[in-house]
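Thanks for coming. I have one structure to walk through today, so please look at the sequence and the model on the screen.

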Amino acid sequence: MLKQIAAADYDVLLLPGDLSYAEFIQSRWDSYGRLVEPLASARPWMVTEGNHEIEKLPLVEPKSFKAYNARWRMPYDAGASPSGSNLFYSFDVAGGAVHVVMLGSYTDYGAGSAQLRWLRRDLAAVDRGRTAFVVALVHAPWYNSNEAHQGEGDAMRVAMEALLYGARVDAVFAGHVHAYKRFARVYDGRADPCGPVYVTIGDGGNREGLADKYVDPQPSISVFREASFGHGRLEVVNATHALWAWHRNEDDEPVVADHAWITSLAANPACNKNKNKM
C-alpha cells in the first residue's frame, strides 16, 4: 500500500487514525516510524488520533495519547485558528482553496468542551468566497452500515453534525471500521443535497483483518461498500469540482473500484440561499 501511495502524485496525505497499533509497546511506534519515514519526510502526513493511540492504563499510565502527542506533533498552534490541542486542529491547502478540519473522536466534544468551542470558531472564520472546499476527518464514523463498531460515532455526531452542516462542509472522512464505504450527502440520518458526503476508509492496513459483515438490507443512504484493502484519492480539479476515487488493491496494483464527483456546496445556490446559522 505504501508503494502505491508513494507512486501517486499527491500533495498531502490525510490519515484519520489508527497509526502504529503500538498498544504501549514503544518499539512498535519506532518500527512504524521507520516504515513510513520515506513518505512522511517527503510530503506532509496529517493525522488525527484513533482509539489505538489512547494508551491509557490506570495506575500504569494515567495520561492518554502520551506517545502519540510526542511522536506525531501536528500544527495545532499555527495558522489563523489555533486549537490549543494536538488532538484537534485545522489547516489550509492548495493556496487556501481547501480547509481541512481534523477532529478528535477520543477527547471531549460535548457541550462546553474546548473542541466544540474551537470548531465553532474555526468554521465561522472560513471564507467560502475563497475556500472552495471544506473537509473534515474523524476516527469513529458518524454513519456506518457495517456491523462492526455500530453506534460508536453517534454521540460525536449529535454534538457536532449541525455545525458541519451549517458550514456546508463538503465531505467527512472516517477510519475505525476496516472496510470502505461511501454514503450519499446526508444530514440527521437522511439524504440531504446540502449535507456532506460521508466516506469510511479504514482499509489501508491493520493487524485485525477486514470487517466484512454488513447491515442488511443496505441503507438507502449507503451508496457503495466493500471489504477490501485500498486507499482513496481526492483531487481538487477546480473551484467547483473535486474527484474522489477509491483504489482497491488487486494483486499489488491499485484499481479504481469506486469514484464520485463532489461539487462544492459553496457553489450551490440552493444550499446557500437559506444557509443555517451557527
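Predicted model: local features only at pLDDT ≥ 70, side-chain atom pairs only at ≥ 80, totals over all residues.

Over residues 195-258 the chain is 0% helix and 52% strand, with the end C-alpha atoms 20 Å apart.

Next, the interior. In general, nonpolar side chains of soluble globular proteins tend to be buried together. Here the largest nonpolar core has 66 residues, and those with the most contacts inside it are Trp-72, Leu-103, Leu-119, Leu-123 and Trp-142. Strand E5, residues 133-137, gives the most to this core, with 5 residues. What does Trp-72 touch, leaving aside its neighbours within four places in sequence? The contacts of Trp-72 include Leu-19, Trp-29, Tyr-32 and Asn-86.

Now the aromatic rings. The structure holds 12 aromatic pairs. In one of them, the ring centres of Trp-142 and Tyr-198 are 6.4 Å apart and the planes are at 40 degrees, so the pair is tilted. This pair links distant parts of the chain: Trp-142 sits in the loop between E5 and helix H5, while Tyr-198 is in strand E9, 56 residues apart. Both Trp-142 and Tyr-198 are buried. Another pair is Phe-173 with Trp-244, where the centres are 5.0 Å apart and the planes are at 45 degrees, so that pair is tilted too. Phe-173 belongs to strand E6 and Trp-244 to strand E12, so the pair ties together parts 71 residues apart in sequence. Phe-173 and Trp-244 are both buried. Ring pairs also link Trp-142, Tyr-143, Phe-183 and Tyr-198 into a cluster.

Arg-43 lies over the face of Tyr-10, at 3.9 Å from the ring centre.

Last, the salt bridges. A search of the whole structure finds 10 of them. Asp-170 pairs with Arg-128, with the closest N and O atoms 3.0 Å apart. Asp-170 is in the loop between H5 and E6, and Arg-128 is in the loop between helix H4 and E5, so this bridge ties together parts that are 42 residues apart in sequence. Are these two residues buried or exposed? Both Asp-170 and Arg-128 are buried. By contrast, Arg-190, which forms a salt bridge with Asp-188, counts as exposed at 54% relative accessibility. Finally, Glu-250 and Arg-248 meet at 2.5 Å, N to O, and salt bridges that share partners join Glu-226, Arg-248 and Glu-250 into one network.

Methods. Residues numbered from 1 in each chain as written. Heavy atoms only, no water. Helix = DSSP H or I, 4+ residues; strand = E, 2+ residues; numbered from the N terminus. Core = buried A, V, L, I, M, F, W, Y, C linked by side-chain atoms within 4.5 Å. Buried < 20%, exposed > 50% of the residue type's maximum accessible area, 1.4 Å probe, protein only. Contact = heavy atoms within 4.5 Å. Phe/Tyr/Trp six-rings, centres within 6.5 Å; stacked < 30°, edge-to-face > 60°. Lys NZ or Arg CZ within 6 Å of the ring centre and 35° of its normal. Salt bridge = Lys/Arg side-chain N within 4 Å of Asp/Glu carboxyl O.
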